[in-house]
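Good morning, colleagues. Please look at the sequence and the structure first.

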Amino acid sequence: MPPTVADRVRHILQAIADVEFLLRGKSRDDYAADRFLQFATERALEIVCEASRHLPADVKARAPDIPWPKLVGFGNRLRRAYHRIDTAIVWTVVEADLPPLKAFVVQVMRDESAG
């Protein structure tokens, strides 16, 4: 049975929590210097992007400020152009794109449990 919307939202939230754990106390330079940290972070971001890709349009429409196509494109790049991943771009995605996505999926989870 394929994952439900609730499953996808939980996967996104868990992967974001993993990224937060991995990068807690780390600087951009620490990240750029640690290949295994990069691998782990990129894998968690792949999960975020893939799960986001499968959210229904009506769910995504509730957060028009989240760059959904950009997330999908970034996930594709992580999977297919892995040899051209720029650590500065990953760091920017983590800092700029994950916080609003996290806030949104937390709200979706609240709405689902209240409804």
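**Charged residues, buried and paired**

Arg8 is buried but has no salt bridge, and the nearest side chain of opposite charge, Glu50, lies 5.6 Å away. Before I continue, the model is a predicted one, in which local features need pLDDT of at least 70, side-chain atom pairs count only at pLDDT 80 or more, and totals for chains, interfaces and linings use all residues. Residues are numbered from 1 along each chain as its sequence is written, and side-chain values use heavy atoms, with hydrogens and water left out.

Let me state the terms. Buried means under 20% relative accessible area, exposed means over 50%, and partly exposed is in between, with a 1.4 Å probe and protein chains only. A salt bridge is a side-chain nitrogen of Lys or Arg within 4 Å of a carboxyl oxygen of Asp or Glu. For charge, Lys and Arg count as positive and Asp and Glu as negative, while His and the chain ends are not counted.

Arg8 is found in helix 1, residues 5-23; helices here are DSSP runs of H or I with at least four residues, strands are runs of E with at least two, and both are numbered from the N terminus. Which residues does Arg8 contact, leaving aside its neighbours within four places in sequence? They are Pro3, Ala51, His54 and Leu55, where contact means heavy atoms within 4.5 Å.

Lys60, in helix 4 (residues 57-60), is likewise buried without a salt bridge. Its nearest side chain of opposite charge is Asp58, 9.6 Å away. Apart from neighbours within four places in sequence, Lys60 is in contact with Ser52, Arg53, Leu55 and Trp68.

I turn now to the paired charges. Side chains of opposite charge can pair when their charged atoms come close. The count comes to 7 salt bridges by the rule given. One of them joins Arg10 and Asp7 at 2.3 Å, N to O; both residues lie in helix 1, 3 residues apart, about one turn of the helix. Arg10 is partly exposed, at 42% relative accessibility.

Another joins Lys102 and Glu20 at 3.0 Å, N to O. Lys102 lies in helix 6 (residues 87-114) and Glu20 in helix 1, so the pair ties together parts that are 82 residues apart in sequence. Lys102 is partly exposed at 29% relative accessibility, and Glu20 is partly exposed at 34%.

Arg53 and Glu50 are 3 residues apart in helix 3 (residues 35-53), about one helical turn. Glu50, Arg53 and Arg79 are linked in a network of salt bridges.

**The chain as a whole**

How many helices and strands does the chain have? There are 6 helices and 0 strands. The radius of gyration, taken over C-alpha atoms, is 14 Å, close to the 13 Å that the globule rule (2.2 Å times the number of residues to the power 0.38) gives for 115 residues, so the chain is as compact as a globular protein of that length. Along its principal axes the C-alpha trace spans about 45 × 30 × 30 Å.

Buried residues make up 36% of the 115 residues. Of the contacts with a separation of 6 or more, 73% are between residues 24 or more positions apart.
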